[in-house]
Amino acid sequence: MRWRKIGKPLLDNQALYCYHNEAMRDYFEQYKFAGDYYLRKVFQAEFQQFIRQKYPQRKWKYCIIPVDRQTMVSERRFNQVKGLTAKLKTEEWLVMSDDRHRVKQSHKNRAERMQTQQPFILKSPAKVKNQFVVLIDDIYTTGRTLYHAQDLLLKAGATEVRSVTLAR
């Protein structure tokens, strides 16, 4: 409802789990923030299977684009989204601009997240034209990150943009 109020095309997001429980928060704390890369295996097969079932190749012609936070990868030494999607064919078209002084989304409240400026750039804008895109991210909180990515992809000519997240 909030996105409709500001006139954004709705992003069809599907999430496997609810983020608002202690077990899921503990998982992300260890995996994402403490850097325990082995924990990708807890949900990796299930997450990839969900994406394959939701968007079967024979039925849909689409490309999967994981949200890439290159500035955070250097701190963590891995991309948590790519860890969850390791066996899927993905496109590396969308990356976060290199802003080393950027405050992490996890350190912001809802109002601050909603004020975030476009953090992404497209590596291959011409390839996006007429594509059906499925964005992949780990957590959907306010949706600001995914809506920024959707805006950029639609402006570059994507036909449709949807998203799948592990938790919401």
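**Exercise 1. Count the disulfides in this predicted model.**

Solution. Start with the rule: a disulfide is a pair of cysteine sulfur atoms within 2.5 Å. By this rule, the count is 0 disulfides. A word on the setting: this is a predicted model, where local features need pLDDT of at least 70, side-chain atom pairs count only at pLDDT 80 or more, and totals for chains, interfaces and linings use all residues. Residues are numbered from 1 along each chain as its sequence is written, and side-chain values use heavy atoms, with hydrogens and water left out.

**Exercise 2. Classify Cys18 and Cys63 by accessibility.**

Solution. Take the cut-offs: buried is under 20% relative accessible area, exposed is over 50%, and partly exposed is in between (1.4 Å probe, protein chains only). Cys18 has 41% relative accessibility, so Cys18 is partly exposed. Cys63 has 5%, so Cys63 is buried.

**Exercise 3. Describe the fold along the chain.**

Solution. Helices (H or I, at least four residues) and strands (E, at least two) are DSSP runs, numbered from the N terminus. The protein chain has 8 helices and 6 strands. Their order is α-β-α-α-β-α-α-β-α-β-α-β-α-β. Next, look at contacts (heavy atoms within 4.5 Å). Among contacts with a separation of 6 or more, 82% join residues 24 or more positions apart. Last, burial: 46% of the 168 residues are buried.

**Exercise 4. Find the largest nonpolar core and its contributors.**

Solution. A nonpolar core is a set of buried Ala, Val, Leu, Ile, Met, Phe, Trp, Tyr and Cys residues joined through side-chain atoms within 4.5 Å. The largest has 22 residues, and Tyr27, Phe28 and Ile136 have the most contacts inside it. At least two residues of this core come from each of α2 (22–33), α3 (40–54), α5 (80–84), β5 (132–139) and β6 (160–167). Apart from this core lies another, of 20 residues, including Cys63, Trp93, Leu94 and Leu135.
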